[in-house]
Amino acid sequence: MQDAAEGKDYSFPKEEEKILQLWTETDAFREQLRRTEGQPEYVFYDGPPFATGLPHYGHILAGTLKDIVTRYASMTGHHVTRRFGWDCHGLPVEYEIDKKLGIKTRDDVLKYGIANYNEECRSIVMRYSKEWEKTVTRIGRWIDFKHDYKTLDPSFMESVWWVFKQLYERGLVYKGSKVMAYSTGCSTPLSNFEAGLNYKDVQDPSVMVSFPIDDDLEGTSFIAWTTTPWTLPSNLALCVNPQFDYVKVKNPETGDQYIVAESRLSEIPGAVPKPQKGKKKGPQPAGFSVIQKMKGTDLVGLKYAPLFPFFCHLKESGAFRVVADGYVTSDSGTGVVHQAPAFGEDDFRVCLANGVVQKGQPLPCPVDASGCFTEEASDFSGMYVKDADKEVMKAIKGMGRLISHQTISHSYPFCWRSETPLIYKAVPSWFVKVESFKENLLENNKKTYWVPAYVKEKRFHNWLENARDWAVSRSRFWGTPLPIWMSDDGEEIVVVGSARELEELSGGKVTDLHRHFIDDLTIPSKLGKGDLRRVDDVFDCWFESGSMPYAQLHYPFENKELFENNFPADFIAEGLDQTRGWFYTLMVLSTALFNKPPFKNLVCNGLVLAANGVKMSKRLKNYPDPVELVNKYGADALRLYLINSPVVRAEELKFKEEGVFGVVKDVFLPWYNAYRFLVQNVLRWEMESGQKFDPSKVDLDKASNVLDRWICASTRALVTFFRREMEAYRLYTVVPYLVKFIENLTNVYVRYNRKRLKGRASGDDCQYALSSLFDVLLTLCKLMAPFTPFFTENMYQNLKHCLPSDAAPPSVHFCPLPPEAESHEGDALLNESVDRMQRVIDAARVIREQRKKPIKTPLKEMIVVHPDTQFLAEITGELRQYVVEEINVVNLEVCSDPLKYANLQAEPDWNALGPRLKKDLGKVAAAVKKMDVAAINELQATGSVTLEGHEIKSDEIKILRKFNPPEGHNSEEMDAGGDMDVLVVLDLRVDTGLLESGMAREIVNRFQKLRKKAGLTVTDPVELYYDLQQNGSDGDSPADMFLKVVTSHSAYFCECFGGPLLPSSRKPPQAKVIAEEEQVVGPEDSRATFMAILTDTTVESTESGMQEAAV
């Protein structure tokens, strides 16, 4: 075993770099795969990111989650193939090329040439792949980049074709029009998921427009409201709610008559007079008079005059009339909604249902792919729709039909790539009939296991329940082309399922499946319709990522048995936003193809935000650079910070750099110091005994020391908890438990066993202590290896030198996870007793701190009060030495009568009772405070009490102990503290003997600090001397007290130092001084000053030997 550097000299990032080098030299990841070949497969799907941007904390979080679970699976006897995947197609890539080439419209691409354009796209898809590989590797994730999958690979694309053909042959594909979120900046429709990515607060016009009713003798008009005036030239109908009450009203000033919803009348300017402020001359406005009331159903079928002449010819086929639907609400507008079926999802649905438009017939849509009006709307031709708002309103005002014009602020969707406002637009598309198998989706969702469960049961379930047919085509260029060849009249369709099939049908050679390689291939018609040509569209990239389980293996063309034997996947993990993205598309395709869920287990993480709770932004630079942070604190610290946070429960994490530093300071450094303490003392034991330390020769089941038994019991409980929670994928419960265990290991076991570990005890006790600590640290290394792969590997590489070669694989990541061990009889009682002991010690420390009694000053007596006599026997038996040493008391007494030193008082727990009792809280609280000792004892015995008609549980009442000093003592001489379970009483009086013992502890402390300052280890032999400064002596000076302490506590010093503490006069002249420093010890009013001196014993012995040889 090699020595370990001091904590302050241990660089976590630099040591991680060394481990990375070790893994590279030993090909560790592939070696792990080789070692687990033949074991049961654990199938993991990796969701593909785009390589056109750099990885951020969201990617690092998801990657860490995946790495932890797959490492755990490998250590529990599984073979885990881990292939990295790349999303190479779609809008993000095209957008980058559009910016590079200055492309604005679809025509620009056609002029540039699809082949040239697509090859430009191909050239950048892996732009940052090396940076991704470097970051992912540096973060400690083991995944195969060499055998990655890419959605642009012909093999992947061919499987996507197969998937689509399967759907088509099952009657699940159709062509139609659908109103979709549409990016005018990118000239393409977006999925619902993409449309929800980028909302902004904007100001838009809010207008009310009149629509005169045909043949109405009184000239009555409907008033409709809209925030998209640009859609008014395409108006084809008005919609009312059939259940609403409507009114016909008259403006007394103009004589104009209007129909609006009664509940919205007040929104019409001047319709309902507002109260006048102050005294104003002249008559007050009367408001509109109500002429008639009617139901919405009474208005259905009424015809009205078109606003613009562009589509007047459609009036004969049923346009420009009133229809009814329940989607019209009363929380905004006028209760009359203008319908432009080409620009609203509900508009299209309602107009289709009422025969205003016909299924399969072209819709009036005077807007081109770039969002500009066409010649169909001649008055606005060439105008961008959003810019045309003002011109449309100007035209309506000129007609005298603009009732109101205001501006509203609201949240509006923008394109996540081009940052242009989205519109809703009818586009021709190929659809998958998701609605036809919605029930199967819901059933398959029930067969999956999610962490956290509420994401599956609420968010994802609701999304599936409201699933719509999926538009899978995009009118773009860089993507997997739809394998549909169609005749000019659209009546003959051939869907191709493979490259070979296309070659056979077309007679051409297929080397690549992108558009510019296959668009010119034609298929002869079997019906005499000439040549069939491929439709223009490519697949939505979500269809590709949803096909990933099959396409990554080139199924069914290759790996057929491998796939079919291992589907569904055992595990996937991504962020919460993928409930509407990848999780959804995986579920849709696997259900359509196999009627199975695509995965068995899913871990869903939340979003990582900047420290102030807003989205992380490169532009704002509101988060630390991940690479710089890893180089500063190490990847393990970042991993543990992310995993031990709310984000693993699908909640948000406000990322703070100080949180990562806190992991280093509060977890890794104490853990490392415990490891270093073991290493130092193993080396010391080997040097002193002349033997090699072999913990396998020590049977820890025969350990007699209480803390050895306790730490072994705690380790058994840890392994059991760890395995059970990891099997349930509850990482958020595992990490806090592990962190608490490390805290107990360092603050209890190592701290309280320092003397035993240093060999100060007799017999083989030191070996038991060292072996116990070794076993715990080795077990902890194996358990924590999936979470902190670098740190555990670093420790394991040293610890394994103490193990037999056949029990020490080359890497901790090749080790099997420790198996669950049955708890031993008495484990639970032992854990409870040590826990209580620690609370006793903590309570005593608090008393000392509050009463300004430093721990170096011994106290005469401590009394532990608790009704459990078995615990009191433990605290005065095996646990006594630890309590006495930690609190530095001479005598430890116990008492089983809780009332001997305190008065019991009950107080209500306001936080617990308030929400439940509400108005009865006051009288119940008063009853709680009146509880006497008998009632409190009954509460503690039974767990509940009935007060004022309410059953109150014991955890809803706080039992306070008010210290009652025993007769003959006052509160200055004695004090008490504790929790609701244990009471600790301390005698605070100090005498001369106690002061001398305190000085002895101080002297030890000063020499130990000097050793550390000099950089000495426990195995470095030194001699200790003191040079006392004496300014006269009357037999009662601080110096005299110092000399008395040195004499009376000589055995104590020998035990602590491993040798005597001597005056400097006895220092040999040839002794080499390693370090010396002036020290001050003793009570505040009696301080002794001395020079502490350390000398090198090896110099003395060498020179002494030379002198003897000369003689």
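Which residues does F787 touch, not counting residues up to four places away in sequence? Select F787 and display its surroundings: contact, taken as heavy atoms within 4.5 Å, joins F787 to I68, D636, R639, L640, I643, F722, M726, L731, V734, V735 and L738.

Before going further, note that this is a predicted model, in which local features need pLDDT of at least 70 and side-chain atom pairs count only at pLDDT 80 or more, while totals for chains, interfaces and linings use all residues. Residues are numbered from 1 along each chain as its sequence is written, and side-chain values use heavy atoms, with hydrogens and water left out.

**The cores**

A nonpolar core here is a set of buried Ala, Val, Leu, Ile, Met, Phe, Trp, Tyr and Cys residues joined through side-chain atoms within 4.5 Å, where buried means under 20% relative accessible area, exposed over 50%, and partly exposed in between (1.4 Å probe, protein chains only).

Next, select helix α23 (residues 706-727) together with helix α28 (residues 827-850), whose axes come within 9 Å and cross at roughly 110°; the axes are lines fitted to C-alpha atoms, for helices over the stretch in contact, and angles run from 0 to 180 degrees between N-to-C directions. That angle makes α23 roughly perpendicular to α28, a label that covers 65 to 115 degrees, with angles under 35 degrees counted as roughly parallel, over 145 as roughly antiparallel and the rest as oblique. To see the contact, show V706, L707, R709, W710, A713, S714 and R716 in α23 against D827, L830, N831 and V834 in α28.

Move on to helix α34 (residues 992-1013) and helix α35 (residues 1038-1048), whose axes come within 9 Å and cross at roughly 80°. The residues in contact are L995, E996, M999, A1000 and I1003 of α34 and M1041, F1042, K1044 and V1045 of α35.

**A covered helix**

Select helix α4 (residues 91-101), which is mostly covered, with 8 of its 11 residues buried, namely L91, P92, V93, E94, Y95, E96, I97 and D98. Among the elements covering these buried residues are α6 (114-124) and β4 (188-189). Just after α4, G102 takes a positive phi of about 70°.

**Loops and backbone details**

T511 lies in the loop between α14 (499-506) and α15 (515-518) and is exposed, with a relative accessible area of 59%. Leaving aside residues up to four places away in sequence, T511 touches P154 and F517.

Two cis peptide bonds come next: V451 to P452, with omega near 0°, and F567 to P568, with omega near 5°. P452 is in the loop between β15 (449-451) and α13 (453-465), and P568 is in the loop between α18 (560-565) and β23 (569-575).

Finish with N595, which has a positive phi of about 50° although it is not a glycine, and which is partly exposed at a relative accessible area of 38%. A650, another residue other than glycine, has a positive phi near 65° and counts as buried at 6% relative accessibility.

Notes
Helices (H or I, at least four residues) and strands (E, at least two) are DSSP runs, numbered from the N terminus.
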